[in-house]
Amino acid sequence: MLENIHPNLLALMAATFIAVARMFYQSALARLHPTVITFLVNSISIPFAAFFYWMSGGVERWPVQGLVWFVLVGLIGSLFGRYMSFVAQRLVGVARTAIVMQSVLIWSTGLSVIFLGEHLSLWIAGGSSLILVGGILLVSEKGEDRKKIPLVYYLVPLLTAFCFALTFLIRRYGLAWIPSSPLGMSVSNVTGSIVMAGGLWLRGGKGARFQSWGSVPIVLLGGILNSAAALCFWTAIHMGQIVQVVPINRLSVLFVILLSWLFMQAEEVITWRVVLGGVFSVAGVFVIVL
């Protein structure tokens, strides 16, 4: 079904869905612990992926090698990476997290060229650079604003970016054994949910007084959008080239800034840097897809 859509367009769709989802998560983070949000997002992704697996007709064989790769995606991405992304948003904010995670372009490109033998053309490199520079401009701050956040905090989104880039490579290995994006998504999210449920059980009642369960519907809605984004991106990774779909997917930072400006009451101010960053980012996409 999704295989009929161009991988680059799927990457763009994923960027849109994930940007909207992050707005929901940001509004819930003040009242729900990142552990709870991670568990809810992983849980809602499982029936979503299972439904699309059923709709696609499934696959005949489930080789153990493919399942192992999908489990690794769950541990590194669905569990650790997603949890760390929520922690990063708490520490440095949604916009700053988005810009530091632009480094996923560098990590993913290097890994795909080294381990998958993908070709990094001058056009793709140039387009990726435009998107990277555009992202920096989108959330660049004045010096006095930057001093408010310790630099060591930025290691959290940086580590998160590397984890996600690593999962792009692992997904390709898993999909080579089992060519089903919904199945891979299901296995990875089941893995993340099981481990996270154990973490919640070990936590017991600790931190419960800080929870506002009225925020759960917001997280679930974000989880649905996150699932749609994940399914689009899994398919894009499967059908396209990582050096192309990942830079296009990183347009999510542009959408995050615009949505923050629209709905978070001047938390993001539209300045010449934001306009120029947006132009660079969009231009980078056009250069890649030419």
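The legends below describe close-up views of a predicted model.

Local features require pLDDT of at least 70 and side-chain atom pairs count only at pLDDT 80 or more, whereas totals for chains, interfaces and linings use all residues. Residues are numbered from 1 along each chain as its sequence is written, and side-chain values use heavy atoms, without hydrogens and water.

**View 1. Overall fold of the protein chain.** The protein chain contains 13 helices and zero strands, where helices (H or I, at least four residues) and strands (E, at least two) are DSSP runs numbered from the N terminus. Of its 290 residues, 52% are buried; buried denotes under 20% relative accessible area, exposed over 50%, and partly exposed the range in between (1.4 Å probe, protein chains only). Among contacts (heavy atoms within 4.5 Å) with a separation of 6 or more, 93% link residues 24 or more positions apart. The chain exposes about 13300 Å², with 72% supplied by carbon and sulfur atoms; accessible areas follow the Shrake-Rupley method with a 1.4 Å probe, and for residues only the protein chains shown count as cover.

**View 2. The largest nonpolar core and the surroundings of F168.** A nonpolar core is a set of buried Ala, Val, Leu, Ile, Met, Phe, Trp, Tyr and Cys residues joined through side-chain atoms within 4.5 Å. The largest such core has 43 residues, and V104, F168, F233, W234, I237, V245 and V246 have the most contacts inside it. Apart from neighbours within four places in sequence, F168 contacts V104, S108, F233, I237, I242 and V246. A second, separate core of twelve residues includes A28, L29, L32 and V41.

**View 3. T109 in helix 5.** T109 lies in helix 5, which spans residues 104-115. This residue counts as buried because its relative accessibility is 14%. Beyond neighbours within four places in sequence, T109 is in contact with V104, L120 and V243.

**View 4. A nonpolar patch on the surface.** The patch is formed by F80, L91, W107, V152, Y153, L155, L158, L159 and F162, which together have about 740 Å² of accessible area. Helix 3 (64-92) and helix 8 (155-177) are the elements that give two or more residues to it, and helix 8 gives the most, with four residues. Patches comprise residues with over 30% relative accessible area and no salt bridge, with like charges joined within 9 Å and nonpolar side chains (Val, Leu, Ile, Met, Phe, Trp, Tyr) within 5 Å; a salt bridge places a side-chain nitrogen of Lys or Arg within 4 Å of a carboxyl oxygen of Asp or Glu. F80 is located in helix 3 and is partly exposed, at a relative accessible area of 37%.
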